[in-house]
Amino acid sequence: MPTPSTSHLPKPKSWDEFEDITWEIYQRKWHDNQAQRYGRSGQAQNGIDIYGRQNSSDKYIGVQCKRVEDNKLTKKIIQAEIVKAECFSPPLSEYIIATTASRDAKLQDFVRSLNEKRRLENKFPVYIVFWEDICNDLAEPNNRDLLKKYYSEWEQIFSNQEKSISSEQVASIHCLLSLEIQQDCNLLQELLNQNQDALSKKWQSCFSKNRGVWREESSRLLLARSSIELMSKVQKFYHQLDDIESRCKSLLALRYRIELVNSKPMYIDSKGGIFGFNTKPLHPLASCFYTDSDLKEVFDLTEKSSTDFNKLKEKVHETLNLGNQITCELIKLCNSGS
């Protein structure tokens, strides 16, 4: 089914309208209601059309909007805009060139290479956002009001297409997603019942592998159509699963470090004394054998591992409750044929 992200929305004929679209998108991306269009036509703008801050940060991000004809965005134009942006005060943390030009691999390669040099020079990174990327942003469920505002006729077409989808298809997505989340809940319960020593590499990726329905954009759109609130819960659930996998990975790294230190041999001298403990001055070969500093490190790491594992269990319990709640809601929707 065609969506705003897979269809070629008409490119704005007015540079002013293009800036308005971009400004409203980045207000939302940055969560910054104070993001502003900079200056007006005829004023010096230092290569900046829009500026704002990400999540109340004290660092500014600048956007230059380039409405170009026939994809005529060149490396020379990009470099010229960057030079002007470097004069913006206060200094930018990053710089975005948003363009109506279609995605271009050569320009992407150029900017990626340019950023490597800029990183070494401690200069802000540069990104290009092409027209396809802007269409993707307009396709987001939370941005449908923007799509309606700037492309009312197209939004109506997409809405009519979505309404034509049968209730059976929507119910199918609910059922399939509930099955996937229930599998994750079974894994969470299994993890909750384990002790720390039973933790295996399995838990580093087993959750993220089980997301066939969620990875499909069409499925997410159908879920959003049913309930934005439910979609937010599912998104939170998967974020928490990612966090659990990350915690498991860290715990396994700690355990590996403990095992590595404990694998050091103890040196026992001819009198039966253990070499290394309370030895002053420290023997040159001490690093090869288990010493009192190793004992302290193992103790500290074991304490941290135990604390982190208890926190992991709390997160698993919280996520399991959320998963069970989502499953119940999905099953109700599935049974009702919504």
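Where is Thr-100 found? In the loop between strand E4 (92–99) and helix H3 (105–120). Helices (H or I, at least four residues) and strands (E, at least two) are DSSP runs, numbered from the N terminus.

A word on the model. It is predicted, so to speak of local features we need pLDDT of at least 70, and side-chain atom pairs count only at pLDDT 80 or more, while totals for chains, interfaces and linings use all residues. Residues are numbered from 1 along each chain as its sequence is written, and side-chain values use heavy atoms, with hydrogens and water left out.

Back to Thr-100. This residue is buried, with a relative accessible area of 1%. Buried means under 20% relative accessible area, exposed over 50%, partly exposed in between (1.4 Å probe, protein chains only). Cys-65 is 35 residues from Thr-100 in sequence, yet 8.4 Å away in space, C-alpha to C-alpha.

Next, the sheet. 5 strands form an open sheet, ordered E1-E2-E3-E4-E5, with mixed pairing. Two strands pair if DSSP finds at least two bridges between them. At the edges sit strand E1 (36–37) and strand E5 (126–129), each pairing on one side only. E4 and E5 run parallel, joined by 4 bridges. Tyr-95 stands opposite Val-126 in E5.

What packs on the sheet, touching E4 and E5? Helix H4 (residues 131–139), whose direction makes about 75° with that of E5. Contact means heavy atoms within 4.5 Å.

Now the nonpolar core: a set of buried Ala, Val, Leu, Ile, Met, Phe, Trp, Tyr and Cys residues joined through side-chain atoms within 4.5 Å. The largest one has 36 residues, and Ile-181 and Ile-244 have the most contacts inside it. Helices H7 (167–192), H8 (212–215), H9 (217–226), H10 (228–262) and H11 (292–336) each give two or more residues to this core. H10 gives the most, with 10 residues. Ile-244 touches residues including Leu-188, Phe-207 and Leu-312, not counting residues up to four places away in sequence. Another core lies apart, of 22 residues, among them Leu-9 and Phe-18.

The axes of H9 and H10 come within 5 Å and cross at roughly 130°. Axes are lines fitted to C-alpha atoms, for helices over the stretch in contact, and angles run from 0 to 180 degrees between N-to-C directions. Arg-220, Leu-223 and Ala-224 in H9 meet Ile-228, Leu-230, Met-231 and Val-234 in H10.
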